[in-house]
Amino acid sequence: MKNIFKNTTLILGLLFLAVSLSLTSCNRSDDEADDLPQEELSDVLLRVTDVATGTPVVYDYQVNSTTNPNVKLINGHTYNVEVIFKNGDEDATQEIKDAKDEHFLVYNFPNSDITLTRTDDASSTRGDGSRVGLKTKWVVNTAVKNASAPSQLVLTLFHEPVTVSEASAVSGNGVIYGTHTGGETDAQANYNIIN
């Protein structure tokens, strides 16, 4: 009878330890400010405002969707663009601002000639001086460079990158704004660029 009690106590102890380890291993970071795993994001919205008209248009990329929104841009126009992250009806953008030192957006424009400038205020500027990229200004030189190839924006939110830079680099027939090393992808959204 004593052995059964010891075995039961040992099994319960091991079970408790296993459950404790599995619960703590789900958290990517010890920082409670980052509770924005990719699986909790449902939408990535672009609020695109033509400076000439002041009229905003919202483009909604639904995570894991099989279709991409068509972002209409006019050559020669300038746009103020804001990125909004949603979890269902809840705006999750503030969570990124709260953990701004752990996030960074990279903008990739294959087959487009768009000059991007980050315009974030202090609420989304990292401690290293780099702006996260939640607010940007786009000068559209040529929205679609080659009509026989797709023009896109591939927007990637990185979590806990080791290093970041706002610098741009030519990539194929387009430009990538922002570079990073290390980290994980919190979200990636694809938009078609049309004119």
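Here are some notes on this predicted model, for someone meeting it for the first time.

1. The average pLDDT over the chain is 85, and 80% of the residues score at least 70. The stretch to be careful with is residues 12-35, where the pLDDT is below 50. Beyond near neighbours in sequence, residues 12-35 have 20 contacts in the model.

2. Now the overall layout. The chain has 2 helices and 12 strands. Reading from the N terminus, the order of elements is α-β-β-β-β-β-α-β-β-β-β-β-β-β. Of the contacts in the chain with a separation of 6 or more, 71% are between residues 24 or more positions apart.

3. A word on surface and interior. The chain counts 195 residues, and 36% of them are buried. Its accessible surface comes to about 10,500 Å², with 54% of that belonging to carbon and sulfur atoms.

4. Next, a sheet to trace by eye. Six strands form an open sheet in the order β3-β12-β9-β6-β11-β10, and the pairing is mixed. Strands β3 (70-72) and β10 stand at the edges with a single partner strand each, so one side of each has no neighbour in the sheet. On average, and ignoring direction, neighbouring strands here are turned by 30° against each other.

5. Within that sheet, have a look at how β9 meets β12. Strand β9 (residues 152-159) and strand β12 (residues 184-194) run antiparallel and are joined by 8 bridges. If you want a place to begin, take L153, whose bridge partner in β12 is Y191.

6. On to charged pairs. Side chains of opposite charge can pair when their charged atoms come close. This structure holds 3 salt bridges. One of them links R47 and E82, with the closest N and O atoms 3.0 Å apart. R47 sits in strand β1 (residues 43-50) and E82 in strand β4 (residues 78-87), so the pair ties together parts that are 35 residues apart in sequence. Both ends count as partly exposed: R47 has a relative accessible area of 33%, and E82 is at 25%.

7. Another salt bridge joins R131 to E166, at 2.8 Å from N to O. What does this pair tie together? R131 lies in the loop between β7 (113-118) and β8 (135-142), while E166 belongs to strand β10 (residues 163-171), so the bridge connects parts 35 residues apart in sequence. R131 is partly exposed, at 29% relative accessible area, and E166 is partly exposed too, at 25%. Remember that β10 is also one of the edge strands from point 4.

8. The remaining pair is D128 with R126, whose side chains meet in a salt bridge at 3.1 Å, N to O. Is each partner buried or exposed, or in between? R126 counts as buried, at 8% relative accessibility, because the cut-off for buried is under 20%. D128, at 46%, counts as partly exposed.

Methods:
Residues are numbered from 1 along each chain as its sequence is written. Side-chain values use heavy atoms; hydrogens and water are left out. A salt bridge is a side-chain nitrogen of Lys or Arg within 4 Å of a carboxyl oxygen of Asp or Glu. Helices (H or I, at least four residues) and strands (E, at least two) are DSSP runs, numbered from the N terminus. Buried means under 20% relative accessible area, exposed over 50%, partly exposed in between (1.4 Å probe, protein chains only). Two strands pair if DSSP finds at least two bridges between them. Axes are lines fitted to C-alpha atoms, for helices over the stretch in contact, and angles run from 0 to 180 degrees between N-to-C directions. pLDDT is the predictor's confidence in each residue, from 0 to 100. Contact means heavy atoms within 4.5 Å. Accessible areas come from the Shrake-Rupley method with a 1.4 Å probe; for residues, only the protein chains shown count as cover.
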